[in-house]
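Please read this briefing alongside the sequence and the model.

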Amino acid sequence: MRHALELAHSARRQGEVPVGSLIVLDGERVGQGHNASIARTDPTAHAEVVALRDAAQHVGNYRLVGATVYCTVEPCLMCLGAMMHARIGRLVFGATEGRVGATSRLEKLRGLGADFNHRFQTEGGLLADEASELLLDFFREQRRQPRKTATIGEVPKWS
């Protein structure tokens, strides 16, 4: 998780929301990533998805059976879906995310009868204070900066 936090700091330095993710398979780091949606102009470039893509390239297979995903913040539904498709074995995250974090929502869906094709172990709270503080500091800083606006027809470029 310490390495995932380093990746989150890297994201922050690049103006991205500071979230980092690391994937370990058979004791080896096989993938890593941090949020890169702005840099890549890609709404799916969340830390977990970037790390899954990196790991899949590294092992030569999109199935990452038995892998452990470490991420600094509780993943969203999109990232959890990607983890299901990759067939990971375990998810470990730091800070819970009340607005878009989806691990508890996924369990509620299962409780309502949703049947998913894969399940994995989930553990939250590892280095949660550090991950939370990094996010809080980032968003405090964002609120202090003037908002960038675009004119009609112009696509804003966020830095």
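**Sheet and overall architecture**

In this predicted model, five strands make up an open sheet with the order β2-β1-β3-β4-β5 and mixed pairing, where two strands count as paired if DSSP finds at least two bridges between them. Because β2 and β5 (121-124) stand at the edges with a single partner strand each, one side of each is left without a neighbour in the sheet. Residues are numbered from 1 along each chain as its sequence is written, and side-chain values use heavy atoms, with hydrogens and water left out. As the model is predicted, local features need pLDDT of at least 70 and side-chain atom pairs count only at pLDDT 80 or more, whereas totals for chains, interfaces and linings use all residues.

**The chain as a whole**

- The protein chain holds five helices and five strands, which from the N terminus on run α-β-β-α-β-α-β-α-β-α; helices (H or I, at least four residues) and strands (E, at least two) are DSSP runs, numbered from the N terminus.
- The radius of gyration of the protein chain is 16 Å, close to the 15 Å that the globule rule gives for 159 residues, so the chain is as compact as a globular protein of that length; the radius is taken over C-alpha atoms, and the rule is 2.2 Å times the number of residues to the power 0.38.
- The C-alpha trace of the protein chain spans about 45 × 35 × 35 Å along its principal axes.
- Of the 159 residues of the protein chain, 44% count as buried, a term that means under 20% relative accessible area, with exposed meaning over 50% and partly exposed in between (1.4 Å probe, protein chains only).
- Among the contacts in the protein chain with a separation of 6 or more, 55% come from residues 24 or more positions apart, contact meaning heavy atoms within 4.5 Å.

- β1 runs antiparallel to strand β2 (residues 28-34), to which six bridges join it, and L25 stands opposite E28 in β2.
- The two strands β1 and β2 form a hairpin with two residues between them, and D26 in the turn has a positive phi of about 55 degrees.
- With β3, β1 pairs in the antiparallel sense over four bridges, and here L22 stands opposite Y70.

**The β4 and β5 side**

- β4 and β5 run parallel and are joined by four bridges, with R90 standing opposite Q121 in β5.
- Helix α5 (residues 128-144) packs on the sheet, where it touches β3 and β4, and its direction makes about 60 degrees with that of β4; axes are lines fitted to C-alpha atoms, for helices over the stretch in contact, and angles run from 0 to 180 degrees between N-to-C directions.

**Nonpolar cores**

- In the largest nonpolar core, which has 23 residues, I23, L52, M83, I88 and L91 touch the most other members; such a core is a set of buried Ala, Val, Leu, Ile, Met, Phe, Trp, Tyr and Cys residues joined through side-chain atoms within 4.5 Å.
- At least two residues of this core come from each of β1 (20-25), α2 (47-59), β3 (68-73), α3 (77-86) and β4 (90-95), and α3 gives the most, with five residues.
- Leaving aside residues up to four places away in sequence, M83 touches E48, L52, V69, P75, I88, L91 and F120.
- Another core, of six residues, lies apart from the largest one and includes M1, A4, V24 and Y70.

**Helix α4**

- In helix α4 (residues 103-111), T103, L106 and R110 are buried; they cover an arc of only 60 degrees around the axis, which puts them on the same side of α4, the arc being that of the directions from the helix axis to the C-beta atoms.
- The buried residues of α4 are covered by elements including α3, β4 and β5, while the face turned away from the buried side carries the exposed residues K108 and G111.
- Just after α4, G113 takes a positive phi of about 105 degrees.

**Positive phi in two loops**

- R87, in the loop between α3 and β4, has a phi near 65 degrees, a positive value in a residue other than glycine, and is buried with a relative accessible area of 19%.
- L127, in the loop between β5 and α5, has a positive phi near 55 degrees and counts as partly exposed at 24% relative accessibility.
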